[in-house]
Amino acid sequence: EGLRKANEFRPDIILTDVRMPKLNGTDMAIQIRGFLPECEIIFISGYSDKEYLKTAIKLSALSYVEKPLDLEELENTIRQAVSVIQGRLENRRLQEEEQRKLTKVIPVLKNEVVSRLIHQNGTRGDTAEYLNIAYPDLPKECPYIAVLIELYGMAEQSVVVNGNMTSILCNMIENRIKLDKYRGIVGKRND
């Protein structure tokens with residue numbers, strides 16, 4: 001019943017007795033970890049059996065509360081579980097925010113890398129650092145060829161059209177390079 005309810009409601013915190021009819025709490029927790037790996041599990045037991053404690057540790061259970069229950073201890077354990085979950089959610093939110101920021105900065109960084117490679121300006125350390133961020137899968141020590149393509153006839157067009165067209169061409173070239181299983185750095189110069 002507990003396993004079915006956990007699968008149906010997908011809780012963040014589960015309090016379970018260790019000894020139950022049919023399926024004991026540790027076996028249930030093992031199965032729950034399969035579909036709720038981040039669920040905080042709190043075991044409750046009247047037994048201080050070392051095997052149960054070892055299983056609880058192996059399952060990364062948050063706590064093992066012994067019977068008879070001390071309500072203050074149980075409340076503190078539940079508060080601790082809530083705090084762990086809130087911390088995990090906050091970390092996830094911060095990572096997503098950083099990823100969004102990085103997604104906005106990467107095109108600018110790629111253009112800077114291309115400019116540094118073509119004009120050979122900037123320090124090697126800075127360029128290598130920018131390369132690592134903008135192109136994390138690019139081998140660190142490899143020969144490269146810098147190619148500059150000038151788009152004739154673009155000067156007469158408006159800046160917005162020119163910028164969009166250049167971005168489209170850069171994306172096309174970068175995608176074509178990937179199709180050929182090469183690794184390439186594509187960027188545009190913003191004059």
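The legends below describe close-up views of a predicted model.

Residues are numbered from 1 along each chain as its sequence is written. In this predicted model, local features need pLDDT of at least 70 and side-chain atom pairs count only at pLDDT 80 or more, while totals for chains, interfaces and linings use all residues; side-chain values use heavy atoms, with hydrogens and water left out.

**View 1. Elements of the protein chain.** The protein chain holds six helices and three strands (DSSP runs numbered from the N terminus; helices are H or I with at least four residues, strands are E with at least two). Read from the N terminus, the order is α-β-α-β-α-β-α-α-α. Of its 191 residues, 26% are buried (under 20% relative accessible area, 1.4 Å probe, protein chains only).

**View 2. Surroundings of Thr26.** Thr26 belongs to helix H2, residues 25-35, and is buried at a relative accessible area of 5%. Beyond neighbours within four places in sequence, Thr26 contacts Val18, Phe43, Tyr52, Thr55 and Leu59 (heavy atoms within 4.5 Å). Leu53 is 27 residues from Thr26 along the chain, with 9.5 Å between their C-alpha atoms.

**View 3. The largest nonpolar core.** This core has 15 residues, of which Ile32, Phe43 and Tyr64 touch the most other members (a nonpolar core is a set of buried Ala, Val, Leu, Ile, Met, Phe, Trp, Tyr and Cys residues joined through side-chain atoms within 4.5 Å). Two or more residues come from each of H2, strand E2 (40-45) and helix H3 (50-58). H2 gives the most, three residues.

**View 4. Contacts of Ile32.** Outside four places in sequence, Ile32 is in contact with Leu3, Ala6, Ile14 and Pro37.

Terms used:
Buried < 20%, exposed > 50% of the residue type's maximum accessible area, 1.4 Å probe, protein only.
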